[in-house]
Amino acid sequence: MEIYLPIAEQSMNVFVLLGLGAAAGLLAGMFGVGGGFLATPLLIFVGIPPAVAVASQANQVIANSVSSLQVHWRRGNVDLRMGLVLLLGGMFGSSAGVWLFTYLKRIGQIDFVIAVLYVVMLSTIGLLMLTESLSTYVKRRRNPESPRGKLHTHYLVHRLPLKLRFYKSKLYISALLPVGLGFLIGILSAILGVGGGFVLVPAMIYLLGMPTAVVIGTSNFQILFVAANVTFLQATTNGTVDVVLALLLILGGVVGAPIGSRLAAKLPGVVLRGLMSVLILAVAAELLIELLRTPSSPFSLGPREVSP
Amino acid sequence: MTRLLVALMAGLAWASSAHAQGPRVEPPSTGLPPSVPAESTTPDLIVDLSRARVSITSAFHGESILMFGMFDPPGEVVVVVVGPEARETVLRKQRFLGLWLNTGRQSFDHVPAYYAIAASQPLQRLLARGAGGEILSLEDRMSMVKPVGPRAATELAQFRGGLVEVKRREGLYPAAIGQVTVQAGRLFRVDLPFPSRLPEGVYEVKAYLLREGKIVAAVSRPLPVGKVGFSAQLAGWADHEGALYGLGAIVMALFAGWLGGAIMRRL
């Protein structure tokens, strides 16, 4: 069954889009991160223009994070203060990101930048996850009761000024750190159409040293507002948000997420992370091949304009 | 005075009824009523389209429109469909440090969004005989698009070739357009294929009747292509009310996410 996407200006199979949404939802349910980082490249693979894929995916991220935030908010797993500080950077970052996106689109390099950023990001995360899960797996087999380390290590970054106390996270760190982190994630969000949870969550744990319990909820808080900002700015400056596309992805996600969380409950964490890293690396490899392979035609068309 | 007025009104009524009959190209006035069999070579061509417009609805996935009509034999029929003109920018990829990225660009003005040509005889043979210089093959039409800015001729030819290649790939310059089929010597029909990714605007469908390489009759029909219904509504908001559309998209996602979350917890 085909449906016409009014902003992408092309028709697409409904079930392909629902399936993509379900796959992203599955990941969201399994790992607690929104599957945007996989959904956006997959949308591009099936032929949605990258600009539309990114902007519509940002719209989908809102839905994803609001349903996740509901749960974490109720459980009190949101460090509001940390969330707001992150958000401060996130708003600036995402606005700068949309501006950058618009500029890159105008000079005809947006597709290339999206692909390169995805390759770099996905391969880094994929490799980190793969090595981590492999070493954990090996360690567990040798020594099932591994000793717990320090809560978090102290680096140079902890000497930055403007220190703030984050009670819920049991942290006393410089506000510059979360603001800067939020800023970077914001840029990533705007250009790649992702919430950025898969970068934000590890960064919050390893860089800021936040306790794992509040990380997911707090990141969702920041992602919700950043995604809303990106959606709004993309709609007003580029007009590339396709709500029909976003709605289909959301619907698919509603089906996929509970399946994901049920799967997650059955499989051990190490195996899950190992599987996910393989998946991430596969997408990165596919994108890299696209960049390296001689294209069937070197020509493409930019946006149509009215002749003066 | 009254008689003059009556005559005028009768004339008007005749003109409007003739108009309502459709774009029938009347022969140059010979003094004979049209019903008289054409013993002289009165050029005559009547056409119609199976649809008056291409409506891009939510279920749109390309469409084929039939043009059919009748002509006074002998003769050959050529049909040309031209989409609205715009400036197109062709991007060219090159290998840079092992990666393929866009390194060259060239814009062209007045590029038709869509161009298709069909004929009841092999087109080359018909056009070789002249055709008054009005009917243009795709190659001739594309040689007319104006490049923006100066560039070497060989480079321009490459970009122009690239433009045609991309348009072909998108089905906007269909190469394999069905040929005009003629039945009973005077009825003709041709299928005009339109792909799913179709630029909006008013297209022009033009039919020509050729005799001995000369155009003896031509009929033109506008064919509006546009989104209708829900698709049109959404695209209109996105174009003109970007802020409102953006807010609407956010509210939609918030509600859908909240509802999805609520349903999930029940399961």
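Good morning. I begin with one residue: A:Ser133 is found in helix α5 of chain A. The model under discussion is predicted, so local features need pLDDT of at least 70 and side-chain atom pairs count only at pLDDT 80 or more, while totals for chains, interfaces and linings use all residues. Residues are numbered from 1 along each chain as its sequence is written, and chains are lettered from A and ligands numbered from 1 in the order in which they are written.

Helices are DSSP runs of H or I with at least four residues, strands are runs of E with at least two, and both are numbered from the N terminus.

Is A:Ser133 buried or exposed? A:Ser133 is buried, because 20 other C-beta atoms lie within 10 Å. The term buried requires 20 or more other C-beta atoms within 10 Å of the residue's own, exposed means 12 or fewer, and partly exposed lies in between, with C-beta atoms placed from the backbone. Setting aside residues up to four places away in sequence, A:Ser133 touches A:Val270, A:Arg273, A:Gly274 and A:Ser277. Contact here means that the C-beta atoms of two residues, placed from the backbone, lie within 7 Å. A:Ser133 and A:Pro178, by comparison, are 45 residues apart in sequence and 27 Å apart in space, C-alpha to C-alpha.

I turn to the whole of helix α5. In chain A, α5 covers residues 110-142; its 33 residues reach 48 Å from first C-alpha to last, close to the 48 Å expected at 1.5 Å a residue. The expected span is 1.5 Å times one less than the number of residues in the helix. Among the buried residues of α5(A) are A:Ile110, A:Tyr118, A:Leu122, A:Met129 and A:Ser133. The cover over the buried residues of α5(A) includes α2 (36-45), α3, α4 (80-106), α6 and α10 of chain A.

For α4(A), 27 residues reach 38 Å from the first C-alpha to the last, close to the 39 Å expected. Just after α4(A), A:Gly108 takes a positive phi of about 80°. Helix α6 of chain A, residues 176-192, has 17 residues and reaches 24 Å, close to the 24 Å expected. α6(A) is mostly covered, with 13 of its 17 residues buried. Just after α6(A) comes A:Gly193, with a positive phi of about 70°.

Next, a strand residue. A:Leu171 has its place in strand β4 of chain A, residues 171-174. A:Leu171 counts as buried because it has 22 C-beta neighbours inside 10 Å. Apart from neighbours within four places in sequence, A:Leu171 is in contact with A:Phe166, A:Leu208, A:Gly209 and A:Met210. A:Leu171 and A:Met210 are 39 residues apart in sequence, yet 7.2 Å apart in space, C-alpha to C-alpha.

How do helices pack within chain A? Helix α7 (residues 197-208) of chain A and α8(A) pack at an angle of about 135°, with their axes 10 Å apart. Axes are lines fitted to C-alpha atoms, for helices over the stretch in contact, and angles run from 0 to 180 degrees between N-to-C directions. α7(A) and α8(A) are therefore oblique to each other. Angles under 35 degrees count as roughly parallel, over 145 as roughly antiparallel, 65 to 115 as roughly perpendicular and the rest as oblique. The residues of the contact of α7(A) with α8(A) divide into seven nonpolar, three polar and no charged. In these classes, Ala, Val, Leu, Ile, Met, Phe, Trp, Tyr, Cys and Pro are nonpolar, Asp, Glu, Lys and Arg are charged, and the others, Gly among them, are polar.

Finally, chain B. Chain B has six helices and 12 strands, and buried residues make up 30% of its 267 residues. The contact between the chains takes 47 residues from chain A and 54 residues from chain B. On the side of chain A that touches chain B, the elements giving two or more residues include α3 (50-74), α8 (212-237), α9 and α10 (269-292). By class, that side of chain A has 26 nonpolar, 17 polar and four charged residues.

Which helices pack across the two chains? Helix α9 (residues 243-266) of chain A packs with helix α6 (residues 242-266) of chain B at an angle of about 15°, their axes 10 Å apart. α9(A) and α6(B) are therefore roughly parallel to each other. The contact includes A:Leu247 and A:Ile250 of α9(A), and B:Met252 and B:Ile263 of α6(B). Its residues divide into 13 nonpolar, three polar and no charged. Thank you.
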